[in-house]
Amino acid sequence: MIVYAIAFVFYVVDLANRSGDAHLAAAAPATGQAAAGAAGGGTATMVKQRAAAQKKLPRSRWLRAGFALTVLGFLLHLAATVMRGIAAERVPWANMYEFALTATVSIVGIFLIVQFFIDLRFLGALVTGMTVMFLGVAKVKYYVDIVPLVPALDSYWLVIHIIVAVLAVGFFTLSFGLSLLQLLQARRTTKVKIGDTKSMAFMTSFPNQVRLEDLAYRLAIIGFAFWTFTLIAGSIWAEAAWSRYWGWDVKEVWTFIIWVLYAGFIHARATRGWRGTRSAWLNIVAYAAVIFNFSVVNVFFKGLHAYSGL
C-alpha cells in the first residue's frame, strides 16, 4: 500500500505538470506574436516559447517514476497474494478479504499488461488510488484469519469462476476510468466554447473525447466477455453444489444485473447510437453495480453465496 500510495503521489504531480504545460503552450503563441514587432527578435522569441511549451522532461520523469513504483507495488502485491494462498494451502479466494486482495492485483496487473498495446499510463492516478483505497478498506473492515474452505467452495469451479470474475473486474475498472475522463473532457470542451480556456487545462494532454469513449467501449467488451463466462461458470458450479443452475439467490441476481447493464451499454452504443455523455454515464452506472455487488451485497444480504467471512 505504501508503494502504491507513493506512486499515486507521483501520478498526481504529473497531472499538475500537465496543467502547467498546457498553460505554457497556450501562452506561447500569444507571447511570440507580441514580440514579433520587436526588431529582429520576433520569430526567435516565438520559437523559444513554443520549444519551452513542448518540453516534456519534467512530466515524463514523474510519470516514469510513478509507473516504475506501480510495477514494484504489483510485484509485492502479487507476492502477498501468493503467500496468503500458500499459508492457507488453497487458492486465496474464500472470503472478502482474499477476494479484495486478488481483485486489486488483477486490476493493477491488467493495467500494466495493457501498456504493451496502448499507453494508458494517464490512468495511473485512478488505478493506484483505487487500489490503495480498496486494500485499506479490506485490511480494516474485511480482514479475517485463515480458515478452511466451506464445502460448497471446495471445488475446481472456484478457480475457474473467480479467475474470470477478477479479470472482468480489471477490465471494467479501466473502462470506468476512461469514461470518467471522457466526462471531464466533455465538460472542458463545453467550457472552452464559452471562452474558459483555463478550466481543467491538464485535460489538453489527454486523448480527445471520442478516443476515450472508443477505448472505454473496447475494454468494456473484453470485460463483458469474461463476465459472461463468470455467469455461465457460476451456474454450472451451482448445479454441482446445489443441484440447480439458477435459484434467484441475491448474489446470482446481482451478477445477472451487472451482465444486463453492460450488455445494455454495449448494445446501446453499437446499435442505438448512444454516444457521448449518455454512453459514459451508462458505463459508470454498470461499474457502480459491480462495486455495490462486492461491498454491499456480500456484507448485508444473506444467501447461499454469503462467503464474506465476517
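**Reading the model**

Mentor: Areas come from the Shrake-Rupley method with a 1.4 Å probe, and for residues only the protein chains shown count as cover.

Trainee: What should I know about the source of the model?

Mentor: This is a predicted model, where local features need pLDDT of at least 70 and side-chain atom pairs count only at pLDDT 80 or more, while totals for chains, interfaces and linings use all residues. Residues are numbered from 1 along each chain as its sequence is written, and side-chain values use heavy atoms, leaving out hydrogens and water.

Trainee: How many helices and strands does the protein chain have?

Mentor: Helices (H or I, at least four residues) and strands (E, at least two) are DSSP runs, numbered from the N terminus. Here the protein chain has nine helices and zero strands, so the pattern along the sequence reads α-α-α-α-α-α-α-α-α.

Trainee: What percentage of the residues in the protein chain is buried?

Mentor: Buried means under 20% relative accessible area, exposed over 50%, and partly exposed in between (1.4 Å probe, protein chains only). Buried residues make up 44% of the 310 in this chain. The chain exposes about 15,400 Å², with carbon and sulfur atoms supplying 69% of it.

Trainee: How far apart should the ends of helix 9 be?

Mentor: The expected span of a helix is 1.5 Å times one less than its number of residues. Helix 9 (residues 277–300) has 24 residues, so it should span 34 Å, and its end C-alpha atoms are 32 Å apart, which agrees.

Trainee: Where does helix 9 bend?

Mentor: A bend at a residue is the angle between axes fitted to the seven residues ending there and the seven starting there. Helix 9 bends by about 35° at Asn293. Asn293 is also one of the buried residues of this helix, which include Ser279, Tyr287 and Val297. Their cover includes helix 4 (96–114), helix 5 (124–142), helix 6 (156–193), helix 7 (209–242) and helix 8 (250–271).

Trainee: Which residues does Asn283 touch?

Mentor: Contact means heavy atoms within 4.5 Å. Asn283 lies in helix 9 and is buried, with a relative accessible area of 0%. Not counting residues up to four places away in sequence, Asn283 touches Ser175, Phe176, Ser179, Ala216, Tyr262 and Phe265.

Trainee: Is Gln209 buried or partly exposed?

Mentor: Gln209, in helix 7, is partly exposed at 24% relative accessible area. With residues up to four places away in sequence left out, Gln209 touches Gln182, Gln185, Ala186, Thr189 and Gly276. In the whole chain, among contacts between residues at least 6 apart in sequence, 79% join residues at least 24 apart.

Trainee: What about phi at Glu89?

Mentor: Most residues other than glycine have a negative phi. Glu89 has a positive phi of about 60° although it is not a glycine. You'll find Glu89 in the loop between helix 3 (57–88) and helix 4, and at 74% relative accessibility Glu89 counts as exposed.
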